[in-house]
Amino acid sequence: MKPDEILKQIAQEVSVCQKCQLHYGRKHAVPGEGPANAKIMFIGEGPGFYENEQGRPFVGAAGKFLEELLAGIGMKREQVFIGNVVKCRPPGNRDPLPEEIGSCANYLDRQIAAINPQVIVTLGRYSMAKFLPNAKISSVHGQSFQVNGRLIVPMYHPAAALHQPSLKADVERDFARLPELISKNAEAPALPEAQEPEETKPPAEEKPQPKQLSLF
Ligand code: URA
Ligand code: SF4
(Lines give C-alpha, C1' and ligand atoms only; values in the text may rest on other atoms or scores of the structure.)
(Ligands and ions follow the chains in the order given, each with its own letter.)
Protein backbone atom coordinates (compact mmCIF):
# COMPACT_ATOMS: atom_id res chain seq x y z
CA MET A 1 0.00 0.00 0.00
CA LYS A 2 1.10 3.57 -0.67
CA PRO A 3 1.57 5.89 2.33
CA ASP A 4 -1.67 7.82 1.70
CA GLU A 5 -3.60 4.56 1.45
CA ILE A 6 -2.08 3.34 4.70
CA LEU A 7 -3.16 6.59 6.42
CA LYS A 8 -6.71 6.17 5.12
CA GLN A 9 -6.74 2.57 6.28
CA ILE A 10 -5.58 3.60 9.76
CA ALA A 11 -8.24 6.34 9.94
CA GLN A 12 -10.86 3.75 9.04
CA GLU A 13 -9.66 1.34 11.73
CA VAL A 14 -9.52 4.09 14.34
CA SER A 15 -13.10 5.18 13.60
CA VAL A 16 -14.42 1.81 14.76
CA CYS A 17 -11.69 0.87 17.24
CA GLN A 18 -12.67 -0.55 20.63
CA LYS A 19 -9.22 -1.41 21.92
CA CYS A 20 -9.51 0.85 24.95
CA GLN A 21 -12.24 2.40 27.07
CA LEU A 22 -11.90 5.80 25.38
CA HIS A 23 -14.13 4.58 22.58
CA TYR A 24 -17.15 4.81 24.92
CA GLY A 25 -17.06 8.62 24.97
CA ARG A 26 -16.14 9.03 21.32
CA LYS A 27 -18.27 11.16 19.04
CA HIS A 28 -15.64 11.29 16.33
CA ALA A 29 -12.27 9.61 16.41
CA VAL A 30 -9.39 11.94 15.55
CA PRO A 31 -6.88 9.93 13.55
CA GLY A 32 -4.79 12.99 12.64
CA GLU A 33 -4.42 14.80 9.35
CA GLY A 34 -1.88 16.07 6.90
CA PRO A 35 -0.04 15.01 3.76
CA ALA A 36 1.34 11.48 3.65
CA ASN A 37 4.69 12.91 2.53
CA ALA A 38 4.89 15.56 5.28
CA LYS A 39 8.45 16.33 6.37
CA ILE A 40 7.34 17.37 9.84
CA MET A 41 4.97 15.57 12.12
CA PHE A 42 3.49 17.09 15.27
CA ILE A 43 2.23 14.72 17.92
CA GLY A 44 -0.06 16.01 20.66
CA GLU A 45 -1.78 14.25 23.49
CA GLY A 46 -5.36 13.49 22.53
CA PRO A 47 -8.54 15.06 21.21
CA GLY A 48 -10.31 17.66 23.33
CA PHE A 49 -13.94 18.78 23.17
CA TYR A 50 -13.87 20.43 19.74
CA GLU A 51 -11.67 17.74 18.20
CA ASN A 52 -14.15 15.08 19.36
CA GLU A 53 -16.97 17.11 17.81
CA GLN A 54 -15.23 17.57 14.48
CA GLY A 55 -12.96 14.54 14.12
CA ARG A 56 -10.00 16.81 13.41
CA PRO A 57 -6.89 17.46 15.51
CA PHE A 58 -6.06 20.81 17.10
CA VAL A 59 -9.15 22.79 16.10
CA GLY A 60 -9.69 24.55 19.47
CA ALA A 61 -7.67 27.28 21.17
CA ALA A 62 -4.49 25.18 21.24
CA GLY A 63 -4.91 24.59 17.51
CA LYS A 64 -5.23 28.28 16.81
CA PHE A 65 -2.00 28.85 18.72
CA LEU A 66 -0.30 26.00 16.84
CA GLU A 67 -1.34 27.62 13.55
CA GLU A 68 0.13 30.94 14.70
CA LEU A 69 3.37 29.23 15.64
CA LEU A 70 3.51 27.57 12.23
CA ALA A 71 2.77 30.86 10.50
CA GLY A 72 5.70 32.34 12.41
CA ILE A 73 8.04 29.99 10.55
CA GLY A 74 6.25 30.46 7.24
CA MET A 75 4.30 27.22 7.33
CA LYS A 76 0.65 26.29 7.09
CA ARG A 77 -0.99 23.41 8.93
CA GLU A 78 -1.81 21.77 5.58
CA GLN A 79 1.93 21.19 5.07
CA VAL A 80 2.50 19.16 8.20
CA PHE A 81 0.99 16.04 9.70
CA ILE A 82 -0.74 16.63 13.02
CA GLY A 83 -1.62 13.64 15.19
CA ASN A 84 -2.02 12.52 18.77
CA VAL A 85 -0.96 9.67 21.05
CA VAL A 86 -4.59 8.70 21.63
CA LYS A 87 -7.20 9.06 18.92
CA CYS A 88 -10.31 9.31 21.09
CA ARG A 89 -11.07 12.01 23.65
CA PRO A 90 -10.26 11.28 27.29
CA PRO A 91 -13.36 12.22 29.34
CA GLY A 92 -13.23 15.75 30.69
CA ASN A 93 -9.87 16.18 28.90
CA ARG A 94 -8.11 14.15 31.58
CA ASP A 95 -4.62 12.85 30.85
CA PRO A 96 -4.54 9.64 28.82
CA LEU A 97 -3.78 6.55 30.92
CA PRO A 98 -0.74 4.38 30.19
CA GLU A 99 -2.94 1.49 29.07
CA GLU A 100 -4.87 3.77 26.70
CA ILE A 101 -1.64 5.08 25.18
CA GLY A 102 -0.42 1.49 24.88
CA SER A 103 -3.61 0.31 23.19
CA CYS A 104 -3.44 3.17 20.69
CA ALA A 105 0.31 3.07 20.01
CA ASN A 106 0.08 0.74 17.03
CA TYR A 107 -1.87 3.34 15.03
CA LEU A 108 0.65 6.08 15.72
CA ASP A 109 3.58 3.77 14.99
CA ARG A 110 2.07 2.86 11.64
CA GLN A 111 1.38 6.52 10.84
CA ILE A 112 5.01 7.39 11.57
CA ALA A 113 6.26 4.48 9.46
CA ALA A 114 4.02 5.47 6.53
CA ILE A 115 4.86 9.19 6.63
CA ASN A 116 8.51 8.68 7.51
CA PRO A 117 8.91 12.34 8.55
CA GLN A 118 12.30 14.01 8.81
CA VAL A 119 11.37 15.55 12.12
CA ILE A 120 8.86 14.70 14.83
CA VAL A 121 7.88 17.51 17.17
CA THR A 122 6.31 16.16 20.33
CA LEU A 123 3.82 18.48 22.02
CA GLY A 124 3.63 17.88 25.75
CA ARG A 125 4.80 15.15 28.08
CA TYR A 126 2.89 12.17 26.75
CA SER A 127 4.15 12.25 23.22
CA MET A 128 7.67 13.13 24.43
CA ALA A 129 7.62 10.06 26.69
CA LYS A 130 7.07 7.84 23.68
CA PHE A 131 10.52 8.72 22.33
CA LEU A 132 12.39 10.04 25.36
CA PRO A 133 10.94 8.11 28.29
CA ASN A 134 13.30 9.52 30.92
CA ALA A 135 13.49 13.11 29.76
CA LYS A 136 12.16 16.07 31.73
CA ILE A 137 10.40 18.50 29.45
CA SER A 138 11.60 21.54 31.40
CA SER A 139 15.20 20.63 30.63
CA VAL A 140 14.96 19.21 27.09
CA HIS A 141 12.32 21.32 25.33
CA GLY A 142 13.53 22.78 22.06
CA GLN A 143 16.52 20.44 21.80
CA SER A 144 16.78 17.76 19.14
CA PHE A 145 17.48 14.08 19.68
CA GLN A 146 18.21 11.28 17.26
CA VAL A 147 15.91 8.39 18.16
CA ASN A 148 15.89 5.36 15.88
CA GLY A 149 17.38 7.43 13.05
CA ARG A 150 14.79 10.17 13.32
CA LEU A 151 15.03 13.68 14.72
CA ILE A 152 12.78 14.22 17.75
CA VAL A 153 12.19 17.73 19.06
CA PRO A 154 10.20 17.90 22.30
CA MET A 155 8.18 21.05 22.98
CA TYR A 156 5.67 22.17 25.57
CA HIS A 157 2.06 21.54 24.70
CA PRO A 158 0.46 24.66 23.15
CA ALA A 159 -2.51 24.37 25.53
CA ALA A 160 -0.18 24.49 28.55
CA ALA A 161 1.69 27.38 26.98
CA LEU A 162 -1.52 29.33 26.50
CA HIS A 163 -2.10 29.23 30.24
CA GLN A 164 1.46 30.04 31.33
CA PRO A 165 3.19 33.07 29.84
CA SER A 166 6.67 31.75 30.59
CA LEU A 167 5.99 28.51 28.69
CA LYS A 168 4.50 30.52 25.83
CA ALA A 169 7.77 32.37 25.39
CA ASP A 170 9.64 29.04 25.48
CA VAL A 171 7.42 27.50 22.80
CA GLU A 172 7.79 30.56 20.59
CA ARG A 173 11.58 30.42 20.94
CA ASP A 174 11.66 26.66 20.31
CA PHE A 175 9.50 27.00 17.23
CA ALA A 176 11.68 29.75 15.80
CA ARG A 177 14.61 27.30 15.82
CA LEU A 178 12.75 24.56 13.95
CA PRO A 179 13.68 25.61 10.39
CA GLU A 180 17.36 25.55 11.32
CA LEU A 181 17.05 22.11 12.92
CA ILE A 182 15.26 20.79 9.87
CA SER A 183 17.78 22.11 7.38
CA LYS A 184 20.67 20.76 9.45
CA ASN A 185 18.97 17.40 9.54
CA ALA A 186 18.48 17.47 5.79
CA GLU A 187 22.27 17.48 5.41
CA ALA A 188 22.54 14.33 7.52
CA PRO A 189 22.43 10.96 5.72
CA ALA A 190 18.98 10.22 4.33
CA LEU A 191 16.61 8.12 6.35
CA PRO A 192 15.60 4.78 4.92
CA GLU A 193 12.66 4.84 2.53
CA ALA A 194 9.24 4.59 4.11
CA GLN A 195 8.55 0.95 4.72
CA GLU A 196 5.23 -0.65 4.81
CA PRO A 197 4.51 -1.64 8.40
CA GLU A 198 4.50 -5.39 8.83
CA GLU A 199 1.01 -5.47 10.19
CA THR A 200 -1.34 -3.61 7.85
CA LYS A 201 -4.34 -5.83 8.41
CA PRO A 202 -7.06 -4.58 10.76
CA PRO A 203 -6.34 -5.81 14.29
CA ALA A 204 -8.20 -8.86 15.44
CA GLU A 205 -11.47 -8.25 17.26
CA GLU A 206 -10.77 -7.40 20.89
CA LYS A 207 -12.88 -8.66 23.73
CA PRO A 208 -15.45 -6.01 24.65
CA GLN A 209 -14.71 -4.10 27.87
CA PRO A 210 -16.66 -5.82 30.66
CA LYS A 211 -18.31 -2.68 31.96
CA GLN A 212 -18.67 0.94 31.10
CA LEU A 213 -17.08 3.43 33.46
CA SER A 214 -19.46 5.75 35.26
CA LEU A 215 -17.31 8.68 34.15
CA PHE A 216 -18.75 8.45 30.68
N1 URA B 1 -4.68 18.95 22.26
C2 URA B 1 -4.07 17.83 21.80
O3 URA B 1 -3.16 17.31 22.41
N4 URA B 1 -4.49 17.32 20.67
C5 URA B 1 -5.48 17.85 19.96
O6 URA B 1 -5.78 17.30 18.92
C7 URA B 1 -6.08 19.02 20.44
C8 URA B 1 -5.67 19.55 21.59
FE1 SF4 C 1 -8.85 2.66 19.90
FE2 SF4 C 1 -7.04 4.56 20.35
FE3 SF4 C 1 -9.63 5.14 20.43
FE4 SF4 C 1 -8.53 3.67 22.36
S5 SF4 C 1 -8.05 5.82 21.88
S6 SF4 C 1 -10.47 3.26 21.31
S7 SF4 C 1 -7.02 2.49 21.20
S8 SF4 C 1 -8.49 4.47 18.62
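Which residue has a polar side-chain atom 2.7 Å from an oxygen atom of ligand 1? The residue is H157.

1. Basis. The model is predicted: local features need pLDDT of at least 70, side-chain atom pairs count only at pLDDT 80 or more, and totals for chains, interfaces and linings use all residues. Residues are numbered from 1 along each chain as its sequence is written, chains are lettered from A and ligands numbered from 1 in the order in which they are written, and side-chain values use heavy atoms, with hydrogens and water left out.

2. Fold. Nine helices and five strands make up the secondary structure of the protein chain; helices (H or I, at least four residues) and strands (E, at least two) are DSSP runs, numbered from the N terminus. Along the sequence the pattern reads α-β-α-α-β-α-β-α-α-β-β-α-α-α.

3. Ligand shell. G44, E45, G46, E51, P57, F58, N84 and H157 surround ligand 1, where a residue is near a molecule if one of its heavy atoms lies within 4 Å of it. By class, the shell has two nonpolar, four polar and two charged residues; Ala, Val, Leu, Ile, Met, Phe, Trp, Tyr, Cys and Pro count as nonpolar, Asp, Glu, Lys and Arg as charged, and the others, Gly among them, as polar.

4. Ligand contacts. Besides the H157 side chain, the backbone takes part: a backbone N or O atom of F58 is 3.0 Å from an oxygen atom of ligand 1, and a polar backbone atom of G46 is 3.0 Å from a nitrogen atom of the ligand. On its own, ligand 1 has 240 Å² of accessible area, of which the protein covers 92% (Shrake-Rupley method, 1.4 Å probe; for residues, only the protein chains shown count as cover).

5. Burial and E100. Of the 216 residues in the protein chain, 47% are buried, meaning under 20% relative accessible area (1.4 Å probe, protein chains only). E100, in helix α4 (residues 98-115), counts as buried because its relative accessibility is 1%. The side chains of E100 and Q21 form a polar contact of 2.7 Å; such a contact is a pair of N or O atoms within 3.5 Å, and within protein one must be able to donate a hydrogen and the other to accept it, while residues adjacent in sequence count only if both atoms are side-chain atoms.

6. R150. Strand β5 (residues 150-155) contains R150, which is buried, since its relative accessible area is 15%. A polar atom of the R150 side chain lies 2.9 Å from the backbone oxygen of P117. R150 and V119 are 31 residues apart along the chain, with their C-alpha atoms separated by 6.5 Å.

Conventions: Buried means under 20% relative accessible area, exposed over 50%, partly exposed in between (1.4 Å probe, protein chains only).
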